[in-house]
Amino acid sequence: MPETGRARLSYRRAEEIFEENTRLLANPLASPEDIEDLDGWTLHRLRHSALTHDAEDGTSTPMLLARSRHASVRSLERYARPGVDSVARHVAERDPAARRRR
């Protein structure tokens, strides 16, 4: 980069750095001595997590598609997978009978 004189970090190198530095986080029961044999998290996994959290928070499907740059809902389904608790909370928040009881 002209401002800093440093080269831009490639996706591949960022992935390597992230994976190396999350090995113990991804394997909390492992011993630090085993770090070379462990797999860490990936940037791709972060992508899955971010889309899932956005879906759980109620982000619309069109917005999720735009953010993820997926062309179809079918391909988005692999990424945005709300958990059981999130779905139950969503249903409860929109239950007309529950709203009347408040």
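At what angle do the axes of helix α3 (residues 43–56) and helix α4 (residues 61–68) cross? The axes cross at roughly 160° and come within 10 Å. The model is predicted, with local features needing pLDDT of at least 70 and side-chain atom pairs counting only at pLDDT 80 or more, while totals for chains, interfaces and linings use all residues. Residues are numbered from 1 along each chain as its sequence is written, and side-chain values use heavy atoms, with hydrogens and water left out.

**View 1. Helices α3 and α4 are roughly antiparallel to each other.** Helices (H or I, at least four residues) and strands (E, at least two) are DSSP runs, numbered from the N terminus. Axes are lines fitted to C-alpha atoms, for helices over the stretch in contact, and angles run from 0 to 180 degrees between N-to-C directions. Angles under 35 degrees count as roughly parallel, over 145 as roughly antiparallel, 65 to 115 as roughly perpendicular and the rest as oblique. The crossing of α3 and α4 is right-handed, a term for a near helix turned clockwise from the far one by less than a right angle (left-handed if anticlockwise). On the α3 side the contact is made by R47, A50, L51, D54 and A55, and on the α4 side by L64, R67 and S68. Contact means heavy atoms within 4.5 Å. By class, this contact of α3 with α4 has 4 nonpolar, 1 polar and 3 charged residues. Ala, Val, Leu, Ile, Met, Phe, Trp, Tyr, Cys and Pro count as nonpolar, Asp, Glu, Lys and Arg as charged, and the others, Gly among them, as polar.

**View 2. Helix α1 packs against α3 at an angle of about 85°.** The axes of α1 and α3 are 9 Å apart, and the two helices are therefore roughly perpendicular to each other. Y11, A14, E15 and F18 of α1 meet L43, H44 and L46 of α3. The contact of α1 with α3 has, by class, 5 nonpolar, 1 polar and 1 charged residues.

**View 3. Helix α3 has buried residues covered in part by other helices.** The buried residues of α3 are L43, L51, T52, D54 and A55. Buried means under 20% relative accessible area, exposed over 50%, and partly exposed in between (1.4 Å probe, protein chains only). Their cover includes α1 (11–21), α4 and α5 (73–76). The 14 residues of α3 should span 20 Å at 1.5 Å a residue, which agrees with end C-alpha atoms 20 Å apart. The expected span is 1.5 Å times one less than the number of residues in the helix.

**View 4. D54 and S49 both lie in helix α3.** D54 is buried, with a relative accessible area of 19%. Not counting residues up to four places away in sequence, D54 touches T59, L64 and R67. S49 counts as partly exposed, at 29% relative accessibility. The C-alpha atoms of S49 and A14 are separated by 17 Å, and these residues are 35 residues apart along the chain.

**View 5. G58 lies in the loop between α3 and α4.** Just after α3, G58 takes a positive phi of about 95°. G58 is partly exposed, with a relative accessible area of 47%. G58 and S68 are 10 residues apart along the chain, and their C-alpha atoms are separated by 15 Å.

**View 6. R69 is found in the loop between α4 and α5.** Phi of R69 is near 65°, a positive value in a residue other than glycine. R69 is exposed, with a relative accessible area of 78%.

**View 7. E36 lies in the loop between α2 (23–26) and α3.** E36 counts as exposed, at 65% relative accessibility. E36 and E15 are 16 Å apart in space, C-alpha to C-alpha, and 21 residues apart in sequence.
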